[in-house]
Amino acid sequence: MKFMKIGSKPDSFKTDGNNARYVENELASDISVNVDGSRFCLHKFPLLSKCACLQKLLSSTDKNNSDEVDISGIPGGPTAFETCAKFCYGMTVTLSAYNVVATRCAAEYLGMHETVEKGNLIYKIDVFLNSSLFRSWKDSIIVLHTTKPFLPLSEDLKLVSLCIDAIASKACVDASHVEWSYTYNRKKLPEEISGADQIKAREVPHDWWVEDLCELEIDYYKRVIMNIKTKCRLGGEVIGEALKAYAYRRLLGFNKGVMEQGDLLKHKTIIETLVWLLPAEKDSVSCGFMLKLLKAVTMVNSGEPVKEQLVRRIGQQLEEASMAELLIKSHQGSETLYDVELVKKIVMEFMRRDQNSEIEVQDDDDGFEVQEVRKLPGILSEASKLMVAKLIDSYLTEIAKDPNLPASKFIDLAEVVTSISRPAHDGLYRAIDMFLKEHPGITKGEKKRMCKMMDCRKLSVEACMHAVQNDRLPLRVVVQVLFFEQVRAAASSGSSTPDLPRGMARELRSCGTYGSSRSVPTVMEDEWEAVATEEEMRALKSEIAALKLQEESGRKSMDKAGATARSKMRSLIKSKKIFGKKLQLQSKGGGEKNNGGGGGGSDSSESLGSMNAGEEAAKTATPSRSLTRRVSVS
């Protein structure tokens, strides 16, 4: 730290027992100056020769035959006044970054300008600031700190702007020209802790200054960052790192996604300022950092414009986010645990990048301008879209555990990413199963709409085996899973596809259609990761192993897996008593059509397969066995 000594006489200020300060001198004091309860017994000549303010005050007191003046409004109080008084007496005064602002403001109040006397205190302080303190990185920051208590005078004297300009200029210096021994905020390196004598010279990073600026209050910090942006072309990554460091330093709990108790208004100001300072360049700040900002914005109830700006920025790089970072708690008073609507807006912003359009203006034959909107190729890569789809599947699985989450919000968010072609739907199946488990009371329509989003052909063998045993799923979905799994097994072994009625096969292949809304699934209480008994667990594992070995072991192994699936299907359908009732109703309807002379077979949207009139009586008597024969595939 740099300092300056002014004057050469020894300090002869003394204090008596009555809180009074006086100069030890042969001459008696002839003026008494009161400053905020402290009394200074001094001499007129040295003070009046340098202080225009005291000259004016004493000229008015002379009329009243009084030698007392009161200057309680002087900046810096008694300490700053004493420094100025010592300068008037020629005593040694030491100025540093810590007291220079207070002394400068006090000198301004006393009118210690060059017009009063050459080489006065204001001139000497300004020289010290410009030639020494403003050339030092750390001293400039300290001086800027000390200007805060003296606003607005320190602003009027341009002390604040000069400090900010000096700090920004040094931050813009090329890192190769910086002589840097690390800042006082950094942690010591292992070799320094061990006391190594020789430490190799290290390259100065481009963001060497970010930690020191975290000491500034947010209003000064904002002005410094804006000045840095104006003065030099630093990369957006450096500015982003500076904002991140400031948030972690000034907002307790920010790194953990929480806001500890404190000055709510101050926290709100910091958060909104950081959002406003975000660099415009994409990837200048991480998606995780912006999501933490968004969580903080929600906690402090910032305005919608701040949220919209963050939503737009996060949507541009959503593929970088993790599931935990998307779990934004709802505001107080909300029924749901997480703010699903906010995440939906982010995902929609991401998908909007894949729906660009260009407006082309042309003249028609009559000379009128015609606007033509042409769709342009999206700018999203397939990898980015797949990453976001996987991310949302994981997010849906987590929010599905909230018992207060409406099915409509779950479905609306899932439908936003349905246009992304995913190679596997295991994640979506897991999310749907979790929701069905936690919300057994949803309507049939909601369950139908939910299951429509899942493509049974894109489930893995493990997911298929779980779905076959899952009583939470509608029966139609289970039949689809069995059918497509055996179609896949047949294709892999080179055999023919399962022999099913045409109507049923056509309906099952249209996997986007869930099926009849009249099928009423039951709800079981088994956990996703567990089964009821150890015997069922062994049976499930053997089924999975059999299906995995179909490609290698050929038709023989496939027949074994098919027999296992048939057995599983028999037990499944027998457990669905209501399905038997539905078939009876369908059989009755089919008989009436036959009696009327119409063609045999019911509509595929109302039943699992087309049936001829000759089979009606048998199906009515034993619906489960007949259906089992229809869907069994060898």
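Glu382 and Lys385 both sit in helix H18 (residues 382-399), three residues apart, which is about one turn of the helix. Their side chains meet in a salt bridge, with N to O at 3.0 Å. The model is predicted, and its salt bridges come to 21. Side chains of opposite charge can pair when their charged atoms come close.

**Within helix H18**
- Glu382 counts as partly exposed, because its relative accessibility is 48%.
- Lys385 has a relative accessible area of 11% and is therefore buried, the cut-off being under 20%.
 

**Between helices H10 and H12**
- A salt bridge connects Arg249 and Glu211, whose closest N and O atoms are 2.9 Å apart.
- This pair links distant parts of the chain, 38 residues apart: Arg249 belongs to helix H12 (residues 236-250) and Glu211 to helix H10 (residues 210-213).
- Arg249 is partly exposed at 30% relative accessibility.
- Glu211 is partly exposed as well, with a relative accessible area of 30%.

**Between a loop and helix H12**
- Glu217 pairs with Arg250 in a salt bridge, the closest N and O atoms lying 3.3 Å apart.
- Glu217 is in the loop between H10 and helix H11 (218-231) and Arg250 is in helix H12, so the pair ties together parts that are 33 residues apart in sequence.
- With a relative accessible area of 30%, Glu217 is partly exposed.

How values were computed: Residues numbered from 1 in each chain as written. Predicted model: local features only at pLDDT ≥ 70, side-chain atom pairs only at ≥ 80, totals over all residues. Heavy atoms only, no water. Salt bridge = Lys/Arg side-chain N within 4 Å of Asp/Glu carboxyl O. Helix = DSSP H or I, 4+ residues; strand = E, 2+ residues; numbered from the N terminus. Buried < 20%, exposed > 50% of the residue type's maximum accessible area, 1.4 Å probe, protein only.
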